[in-house]
Amino acid sequence: MKSKVLLLAACLFSALPGLTAQTVHEETGVGMTYYNVGQFTHNVWNTRTHSRMSTSTDYEGTTYALGRAFPLVTNLTDSTVDSAAAVYRTCFIVTWGNGTGSGQIPTNATNITVKVGYGTGSSGYTLKITQPTSLGTYDASTYWSAAGNGANLNTGIAYNGNSFSSPGIANAIKNALSSGIVYLGAVSENETANNSNCTLTFSLLVDYDRPAAKLTVTARNDLYGADGGNIGMSIYPDNPTQQSRSITKSQCL
């Protein structure tokens, strides 16, 4: 009788590894900080001679995110200042945690895909998504240049669209799983076209697989309840003599 009970317990423990699933599929949005920056070029003209007297450029945060605004000319005097170009770009700092759940991507994630959601409130032009190597402490001039100089991840994106899949951003996230941070830029592909300026909304939805968490399971024969039961022991054909025993995994194995 005892040998049969121990055999049953051993069989139970041998089947436990089958309780662990292989992978878990998850989907999450990621955190994002954005910076709209503009480059403003100012020309000072002599309206009597129609000659340009001087040019200056400055950078600052803006409401617009992309494109070029129409030149503005004000105060027509002997020395007129016109904003010959107002060109806008955007930088994104994308971050996530390394756990599981909302806003998290574990370091052992695989099969990563990314869906970009965006809106411009405008149409007729295209934009591209870039990947600056770094951004550092905020500086409008540095961020404006970084957005334009970053490697192209997606190009030819219509202003008036709403979503697209981005293998390029997915690969960028894959390569940054341990650091949990990726830098992105958004740049109009029509920066020389007046009135191509617009606002921009931008979001990332990340799908991935991860290994399932391992389950630790302990099983114990309990023939009577609580912490043990009565086990009969004898040598056939004698009747069993009951003894109180607790059989645990460690005893069985």
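Is Thr120 buried or exposed?

## Confidence in the model

The structure is a predicted model. Across the chain the pLDDT averages 81, and 70% of the residues score at least 70. Residues 1-18 have a pLDDT below 50, with 15 contacts in the model beyond near neighbours in sequence. Residues 246-253 are also below 50, and this stretch has 21 contacts beyond near neighbours in sequence. Where pLDDT is low, the predicted coordinates should not be read in detail.

## Strand β7 and its partners

Now look at strand β7, which covers residues 110-119. It pairs with strand β12 (residues 201-211) in the antiparallel sense, over eight bridges. β7 also pairs with strand β10 (residues 163-165), again antiparallel, over three bridges.

## Thr120 in the loop

Follow the chain to Thr120, and you are in the loop between β7 and β8 (126-131). Here is the reply to the opening question: Thr120 counts as buried, because its relative accessibility is 5% and the cut-off for buried is under 20%.

What surrounds Thr120? Leaving out residues up to four places away in sequence, Thr120 touches Leu127, Tyr159, Asn160, Cys198, Thr199 and Leu200. A polar atom of the Thr120 side chain lies 2.5 Å from the backbone oxygen of Tyr159. The backbone oxygen of Ser122 lies 3.0 Å from a polar atom of that side chain.

Definitions and conventions:
Residues numbered from 1 in each chain as written. Predicted model: local features only at pLDDT ≥ 70, side-chain atom pairs only at ≥ 80, totals over all residues. Heavy atoms only, no water. Pairing = 2+ DSSP bridges. Helix = DSSP H or I, 4+ residues; strand = E, 2+ residues; numbered from the N terminus. Buried < 20%, exposed > 50% of the residue type's maximum accessible area, 1.4 Å probe, protein only. Polar contact = N/O pair within 3.5 Å; in protein donor to acceptor, adjacent residues only side chain to side chain. Contact = heavy atoms within 4.5 Å. pLDDT = per-residue confidence, 0-100.
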